[in-house]
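Here's a friendly walk through a protein fold, taken one piece at a time. Keep the 3D view open and turn it around as you read.

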Amino acid sequence: MLRTHTCGELRTEHIGQEVTLCGWVDSNRDHGRGLFIDLRDRYGITQVMVAPAAGDEQLDLARRLRSEDVVKVTGHVAARPEGTANPKLATGAIELRCTQLQLLNRSKTPPFTPGQQDLPAEDLRLKHRYLDLRREPMQRTLVLRSRIIKAMRDYFEEHNFIDVETPILGRSTPEGARDYLVPSRVHRGSFYALPQSPQLYKQIMMVAGYDRYVQVARCFRDEDLRADRQPEFTQLDLEMSFIDADDIMGMIDGLMARLAKQFLDIELKLPLPRISYDEAMTRFGHDAPDLRFGMEIVDCSDLATQCDFRAFRESVEAGGKLRGINAKGAADKYSRRVIDELTEYVKHDFGAKGLAWFRVEADGKLWSPIAKNFSESWLETLGRRMSAEPGDLMLFVSDRWEITCKSLHGLRKRLGAELRLYDPKQMHFSWVVEFPMFEFDQEENRWNAMHHPFTSPRDADFPKLETEPGSCRAKAYDLVINGYEAGGGTIRIHDSVNQQRVFNLLGIDEVQAKERFGFLLDALQYGAPPHGGIALGIDRVVMLFGGLDNIRDCIAFPKTQKAADMMTEAPGPVDAKQLRELSLRISQ
RNA sequence: GGGGGCGUAGCUCAAUUGGUUAGAGUACUGGACUGUCGAUCCAGUGGUUGCGGGUUCGAGUCCCGUCGCCCUCGCCA
């Protein structure tokens, strides 16, 4: 060990001891006769004083030190003179009086320093990630991440789970997200796929009798990125046998309670609240609603048919909906110009035909550019339906169901943040359950699995699989934290007959099924226990627990929006020789 | 693939309606200074205004194209 202590460790009780510290030069204050160096490592900062007594050579060396040079300092710990203690530093009561200074490594002038006040542009941070990771907030997040993962592993170990690693090089299954492919050298023309999740392997583990499986699993999906989505991400993946959906949710409830207690000092009330998918869509327009605030969606479709305003009437008569939200007290906070922006937003981003709005005047009457299209009594009814009070701003979308959901969810999210309807530090955990089994694909005129094709319907829905697929609900559950999908899982179909029924409905015939998931279907015929599981997005959990607004800050080496690594410049070209070995040729 | 935002000194930013030699803070270099901690003071270096084209007497500013980063729609079973 080159050092006896870290830079965050020394206190008054160490006064008089001779110690050696190693670290980076955070700053260097030269006073001529003597100088001060703030020495930093990931544990903290300790002030080093280099006095003339250390000798000219040492003083000269100290004077030449610059930001991010790496040094080793030996000296004795001393109390700072009265009045010069620094309460901002944990080590601020003492300083290290240098007797021996050694430059371990010189740093080039860094493009930015870890302590600088204005955060540099993110691309620069990503390019010099080793500098960015020296920043205290990044270190704090990575430590949080490490501890959360440790807590998860401990929890599942205590509950008798077995941690099993599954292959990274697997087989492509064209369902779902786009695969990252890896060409095989040995099998010319064949490819491995990186796992989108260890889904099939963990089900196989259940058949194999490992009734409690867990893994911190890296997953890969070649889809476009978002603030909360990376092409390469980490899941806490688990699967259990001889359980039902309540058992999985209960297990995760316990985990969340522990994590919330340990890392946020929050006592969660268990069980976590559950709402159905249908209720979530009706009240909030989204399957992962932010439940930290109200501003729920209200359906006014029945009123639309009782008015002469064509935009409302016609969309409802065509099977659409008239739905709205009431932004309490927001009338004077949203100018016409800003409302025009909201209108553009729902039109452009969600394909809404328009946005209708009403302001509630001091006398309780509704004012709107379109108000003249309605009778006074109709407006009164609308106001009552929306619980209108003077000063409120009500926003309505009249359109196809899906468009009203997307638009009003978007508006609710945006207004909720802008109007500060919740404390950003507040955390809300809930479950959304009973998702539809299938979604109808209009373009391809067929049913698609909403989760994955191994999801079990509710027991009562088995008879309706073929006759009313649209009304079948799945044994599926999503964990939602503050409006983010933090995890999701299902109970699986464990017999091959029902599995085949679902495949049939999805248009996967026996030949295709055998080709794609034959090994799973085989396994299901050798005594598969009832089983199910869940996967949590660890990056997102860390993001939410850390109070961060993007997932890149929770990942040591994240990718940019175009899925590139700015530090290593991956992806990059490869040699012609490598391509030849893989029997690949780049087409022009 | 679509929409939007940003791109000026190493870094963070400014630059009036298109108008002088593109500025400030910080960093960096040199000097001064006995207790600082965002040290201070003095002096100095530092610019392909992302890149390419165009309009104009004149472009950081306007137009077209392009590259990069971010947000977002589509996409993400």
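Start with two helices: α4 and α15 make a right-handed crossing. Helix α15 covers residues 538-545, and it packs against α4 at an angle of about 120°, with the two axes 10 Å apart. That angle is why the pair is called oblique. Before going further, keep in mind that what you're looking at is a predicted model.

Who touches whom here? On the α4 side you'll find T141, L144, R145, I148, I149 and M152, and they meet I538, D539, V541, V542 and F545 of α15. Sorted by class, that contact has eight nonpolar residues, one polar and two charged.

Helix α4 (residues 136-158) has another partner, α6 (residues 245-264): their axes come within 10 Å and cross at roughly 140°. That makes α4 oblique to α6. The crossing is right-handed here too. Among the α4 residues in this contact are L144, I148 and M152, while the α6 side includes M251, L255 and L259. The class count for this contact is 11 nonpolar, three polar and four charged residues.

Now look at α13 (residues 496-505) and α14 (residues 510-524). Their axes come within 11 Å and cross at roughly 155°. Since angles over 145 degrees count as roughly antiparallel, that makes α13 roughly antiparallel to α14. This crossing is right-handed. From α13, the residues S496, Q499, Q500 and F503 meet E510, A513, F517, L521 and L524 in α14. Five of the residues in that contact are nonpolar, three are polar and one is charged.

| Helix pair | Crossing angle | Axis distance |
|---|---|---|
| α4 and α15 | about 120° | 10 Å apart |
| α4 and α6 | roughly 140° | within 10 Å |
| α13 and α14 | roughly 155° | within 11 Å |

Time for some strands. Strands of a sheet pair through backbone hydrogen bonds, either parallel or antiparallel. One open sheet has eight strands in the order β6-β9-β10-β22-β21-β20-β17-β11, and its pairing is mixed. Which strands stand at the edges? They are β6 (162-163) and β11 (274-276); each has a single partner strand, so one side of each is left without a neighbour in the sheet.

Within this sheet, β20 (residues 476-481) runs antiparallel to β21 (residues 484-491), and six bridges join them. Another helix, α7 (residues 277-284), lies across β11 and β17 and runs at about 85° to β11.

**The five-stranded sheet**

A second open sheet has five strands, ordered β12-β13-β16-β14-β15, with antiparallel pairing. Its edge strands, β12 (298-299) and β15 (366-367), each pair on one side only. Strand β14 (residues 356-360) is joined to β15 by two bridges, and the two run antiparallel. There, V360 stands opposite L366.

Helix α9 (residues 310-317) touches β13 (321-327), β14 and β16 (393-399), with its direction at about 45° to that of β16. Helix α12 (residues 401-418) touches β13 and β16, and its direction makes about 5° with that of β13.

**Other strand pairs**

With β3 (residues 44-50) it pairs in the parallel sense over two bridges, whereas 10 bridges join β5 to β4 (residues 70-79), which runs antiparallel to it. Look at L96 in β5: V48 stands opposite L96, and V77 also stands opposite L96.

D441 stands opposite R446. The hairpin has four residues between its strands, and N445 takes a positive phi near 55°.

**Zooming out**

How is chain A divided? There's domain 1 (12-105), domain 2 (138-275 + 430-576) and domain 3 (295-421). The centres of domain 1 and domain 3, taken over C-alpha atoms, are separated by 63 Å.

Definitions and conventions:
Residues are numbered from 1 along each chain as its sequence is written. Chains are lettered from A and ligands numbered from 1 in the order in which they are written. This is a predicted model: local features need pLDDT of at least 70, side-chain atom pairs count only at pLDDT 80 or more; totals for chains, interfaces and linings use all residues. Side-chain values use heavy atoms; hydrogens and water are left out. Axes are lines fitted to C-alpha atoms, for helices over the stretch in contact, and angles run from 0 to 180 degrees between N-to-C directions. Angles under 35 degrees count as roughly parallel, over 145 as roughly antiparallel, 65 to 115 as roughly perpendicular and the rest as oblique. A crossing is left-handed if the near helix is turned anticlockwise from the far one by less than a right angle, and right-handed if clockwise. Contact means heavy atoms within 4.5 Å. Ala, Val, Leu, Ile, Met, Phe, Trp, Tyr, Cys and Pro count as nonpolar, Asp, Glu, Lys and Arg as charged, and the others, Gly among them, as polar. Two strands pair if DSSP finds at least two bridges between them. Domain bounds come from an automatic or database domain assignment.
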